[in-house]
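Here is a short briefing to read alongside the structure.

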Amino acid sequence: MTELLVRKFVKDYEQTGDADVRTRYGLMASVVGICCNLLLFGAKLLTGIVVNSISVMADAFNNLSDAASSIVGFVGVKMAQKPADADHPFGHGRIEYIAAFVVAFLVIQVGFSLFKTSAGKILHPEELVFYRVSVMILLLSVAVKLWMAVFNRRLGKRIQSKVMLATAADSLGDVCATSATIFSLLVFGIWHVNLDGIVGLVVSVLVMVAGINIAKDTLAPLIGEATDPKVYHQIKDFVEQYEGIVGSHDLIVHNYGPGRSMASIHAEVPNDVDIEVSHEIVDQIERDAARALGIFLVIHMDPVEVHDVRVKELREMVQQVVQGLDGRLSIHDFRVVDGKKRINLIFDLVVPREYTRTMQDALKQQVAGRIQERDSRCFCVITVEGTFCVEEA
């Protein structure tokens, strides 16, 4: 069903890296969400009125909030499609995140309203009416929501959309909420025990938790996230594949909306190559990255020594020392300044974000001490910096 909808309504659906194609995926998912949730709202509301169940009606309004969320998402995707202008040179892609945050607020508000109503039902319970057809309608709702979870999760992974993945998680939460509602109706039908208010309370909490999770997922890219390891290695490997590039470091990726990113990286080039030659290579990489990766890449050149055997040996010694202290440590911008009685080793030391200032100072002393144990002439000038990438397990 998912692939049929994609082929039918998403032009050039295989080109998921294209911003326009990605927008078509988002619009299709929003329309599907609106239609499915409105149908579920109508069916559940009618069922809830017939059986006089607050938990069923709570579940119905949960679906209505999901429909409203899809409408806000639809508007957000359309607005995010607006091209760059004088005031917004990186486009309007982050509007999609703002729209998702509005959705999260609506979901939380609906959950809180249902919480208050359910609490009232616990204090003042009303008689239920059991109909088998109501259970059948809710079971059908569970099936629809399971399909919507799979649908959004599959598309979310395909186009790397956090909004769709959050919607998939919300749909799974709805499955749990509706299952709880079915449970309360079955308990009443079999044993005539009224759990309606309690189950309505559980449903309302699940709705609020879903809203909070959506808010967390959409606030993260607005505040600024660490670079995903997959993206990190993709860009780093892309840059380092070019002849004339020795290595790279200090990659930072800025997100301006789904499918809209810019990045900066330091590319290491041999110090004995003409600067104009290295500059031309860097320019070519930037142009190729825009076409192949869809990323606006800015590259800073770092000249490094590649022929001096002594410098290479000293660098390897420092790498062995820092790796021996913590396998996650790395160095770059390594330089050697010789004196008559001492050798200055100047380098940047990259540490995980968990390292506090105290830990960094202690680490610098450890590194310097162990290097002097190997060669008493060596003195270290160390600049410590944190990584901008999510640390891999």
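V50 has its place in helix α2. With a relative accessibility of 44%, V50 counts as partly exposed. Please keep in mind that this is a predicted model.

**Patches on the surface**

- V50 belongs to a nonpolar surface patch together with L46, V129, Y131 and V133. The accessible area of this patch comes to about 450 Å².
- A patch of negative charge is also found on the surface, where D12, E14, D18 and D20 gather.
- D20 sits in helix α2, which covers residues 19–51. The relative accessible area of D20 is 40%, so D20 is partly exposed.

**Buried positions in the helices**

- K44 is another residue of helix α2, and here the relative accessibility is 0%, so K44 counts as buried.
- Leaving out residues up to four places away in sequence, K44 touches V56, D59, A60, N63, L138, S141 and T178.
- A67 lies in helix α3, made up of residues 54–80. A67 counts as buried because its relative accessibility is 1%, under the 20% cut-off.
- Beyond neighbours within four places in sequence, A67 is in contact with I34, N37 and L38.
- From the C-alpha atom of A67 to that of K78, 11 residues apart along the chain, the separation is 17 Å.

**Salt bridges**

- How many salt bridges does the structure hold? There are 10 salt bridges.
- One of them pairs E3 with R158, with 2.5 Å between the closest N and O atoms. Because E3 lies in helix α1 (residues 2–9) and R158 in helix α5 (residues 132–159), this pair ties together parts that are 155 residues apart in sequence.
- E3 is partly exposed at 24% relative accessibility, and R158 is partly exposed at 26%.
- D288 and R291 form a salt bridge whose closest N and O atoms are 2.5 Å apart. Both residues lie in helix α9 (residues 275–292), 3 residues apart, or about one turn of the helix.
- Is D288 buried or exposed? D288 is buried, with a relative accessible area of 13%, while R291 counts as exposed at 62%.
- R328 bridges to D326, and the closest N and O atoms there are 3.1 Å apart. R328 is partly exposed at 42% relative accessibility, whereas D326 is buried at 12%.
- D66, K145 and D174 are linked in a salt-bridge network.

Technical notes
Residues are numbered from 1 along each chain as its sequence is written. This is a predicted model: local features need pLDDT of at least 70, side-chain atom pairs count only at pLDDT 80 or more; totals for chains, interfaces and linings use all residues. Side-chain values use heavy atoms; hydrogens and water are left out. Patches are made of residues with over 30% relative accessible area and no salt bridge: like charges are joined within 9 Å, nonpolar side chains (Val, Leu, Ile, Met, Phe, Trp, Tyr) within 5 Å. Accessible areas come from the Shrake-Rupley method with a 1.4 Å probe; for residues, only the protein chains shown count as cover. A salt bridge is a side-chain nitrogen of Lys or Arg within 4 Å of a carboxyl oxygen of Asp or Glu. Lys and Arg count as positive and Asp and Glu as negative; His and the chain ends are not counted. The place of a charge is taken as NZ of Lys, CZ of Arg, CG of Asp or CD of Glu. Helices (H or I, at least four residues) and strands (E, at least two) are DSSP runs, numbered from the N terminus. Buried means under 20% relative accessible area, exposed over 50%, partly exposed in between (1.4 Å probe, protein chains only). Contact means heavy atoms within 4.5 Å.
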